[in-house]
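Colleague: I have a structure open and would like to go through it with you. Can we start with the terms and then look at the parts?

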Number of protein chains: 2
Amino acid sequence: MLGGMGEVVRPDRESQWLKGVLDLAVLAVLAREGSAYGYSLLRSLADAGLPGLRGGTVYPLLGRLEDDGLVQSEWTVADGAPARRYFALTPAGRQVLAEGRDGWSSFADRMTRALEV
Amino acid sequence: MLGGMGEVVRPDRESQWLKGVLDLAVLAVLAREGSAYGYSLLRSLADAGLPGLRGGTVYPLLGRLEDDGLVQSEWTVADGAPARRYFALTPAGRQVLAEGRDGWSSFADRMTRALEV
DNA sequence: GGGCGCTAGGTAGCGGTGTCAACTAGTCGG
DNA sequence: CCGACTAGTTGACACCGCTACCTAGCGCCC
């Protein structure tokens, strides 16, 4: 029964690093592409350097962004294709993206310096 | 009760950003200073660009680092001063710091690019 | 027809960790 | 004696990425 011991899981660092930045990355993709739907965001984010994301991560996130008024969504139905929900930035979303980008580069710089020996 | 509404809290982004990097920052301080105790780390981290941290954040973290074998601790008692627990890096801690630093700068660069419009 | 795989969206529960708040206890100055 | 500072500790809480699972429509190939 594998004593279990003090075993602790500690997920990948990068999963932790994504917290609080992934939403900005999604806003940035929407800023570049104008609009996108959940499944296409998975590909765009992978292209942007964030591979391996799954629906279970992105769909709840899009819901939160909509709750916060940072994106708007619209269902589209077309023949020969599954229904898609397209998302687009709101003005508030654009502002949060701009502020978040500044905050991130500031934090990333401070952190990189803090890690130097 | 308490109307509650749809109110959602969304803490400061920087709190989220700290998750997953703060442990590396602590290891970096220990690498620079040789050894330190919890309360002094609060000052060192503030000097290093991470102000506003509290005991409730740092002490549990130090416990986890010790559980993971990345630091060692030793209690010291001296006349005229409260008991202090000094922490120092282990070889494993030094290695985790080195790997984490590389991983961080890679991630930070990728993320900064992903946020560009 | 029947099975497979892709697209597209969604939910439930888990786990790690920073935050806040509160607590103990020792030292020193007035 | 009383406050302020140092030093460490604990518990409840919120957030959010992760895994795992589910539905449904479409095209393809045997």
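Modeller: A salt bridge here is a side-chain nitrogen of Lys or Arg within 4 Å of a carboxyl oxygen of Asp or Glu. This is a predicted model, in which local features need pLDDT of at least 70 and side-chain atom pairs count only at pLDDT 80 or more, while totals for chains, interfaces and linings use all residues. Residues are numbered from 1 along each chain as its sequence is written, chains are lettered from A and ligands numbered from 1 in the order in which they are written, and side-chain values use heavy atoms, with hydrogens and water left out.

Colleague: How many salt bridges are there between chain B and chain A?

Modeller: Five salt bridges are counted between chain B and chain A. Over all chains, the whole structure has seven.

Colleague: Which side chain does Arg10(A) meet in a salt bridge?

Modeller: Arg10(A) meets Asp68(B), at 2.7 Å from N to O. Arg10(A) sits in the segment before helix H1 (13–18) of chain A, and Asp68(B) is in the loop between helix H4 (55–67) and strand E2 (71–78) of chain B, so the pair joins two chains. Helices (H or I, at least four residues) and strands (E, at least two) are DSSP runs, numbered from the N terminus. Another salt bridge is formed by the side chains of Arg110(B) and Glu14(A), at 3.1 Å from N to O.

Colleague: And how much area do chain B and chain A bury between them?

Modeller: About 3,500 Å², with 62% of it on carbon and sulfur atoms. Buried area is the accessible area (1.4 Å probe) that two parts lose on being put together, summed over both. In chain B, Trp17(B), Trp104(B) and Leu115(B) lose the most area to chain A, together 22% of what that side buries. The contact (heavy atoms within 4.5 Å) takes 33 residues from chain B and 33 residues from chain A.

Colleague: Which helices pack with H5(B), and at what angle?

Modeller: One of them is helix H2 (residues 22–33) of chain A, which packs with H5(B) at about 35 degrees, with the axes 8 Å apart. Leu24(A), Ala25(A), Ala28(A) and Arg32(A) of H2(A) touch Met111(B), Ala114(B) and Leu115(B) of H5(B). Axes are lines fitted to C-alpha atoms, for helices over the stretch in contact, and angles run from 0 to 180 degrees between N-to-C directions.

Colleague: New topic. What is the strand order of the sheet in chain A?

Modeller: The order is E1-E3-E2, in an open sheet of three strands with antiparallel pairing. Strand E1 (35–37) and strand E2 (71–78) of chain A are at the edges with a single partner strand each, so one side of each has no neighbour in the sheet. Two strands pair if DSSP finds at least two bridges between them.

Colleague: How many bridges join E2(A) to E3(A)?

Modeller: Seven bridges join E2(A) to E3(A), and in one of them Thr76(A) has Arg84(A) as its partner. The two strands form a hairpin with two residues between them, and Gly80(A) in the turn has a positive phi of about 70 degrees.

Colleague: What about E1(A) and E3(A), how many bridges there?

Modeller: Three bridges, with E1(A) and strand E3 (residues 81–89) antiparallel. Tyr37(A) is partnered with Tyr86(A) of E3(A). Helix H4 (residues 55–67) of chain A packs on the sheet and touches E2 and E3 of chain A, its direction making about 125 degrees with that of E2(A).
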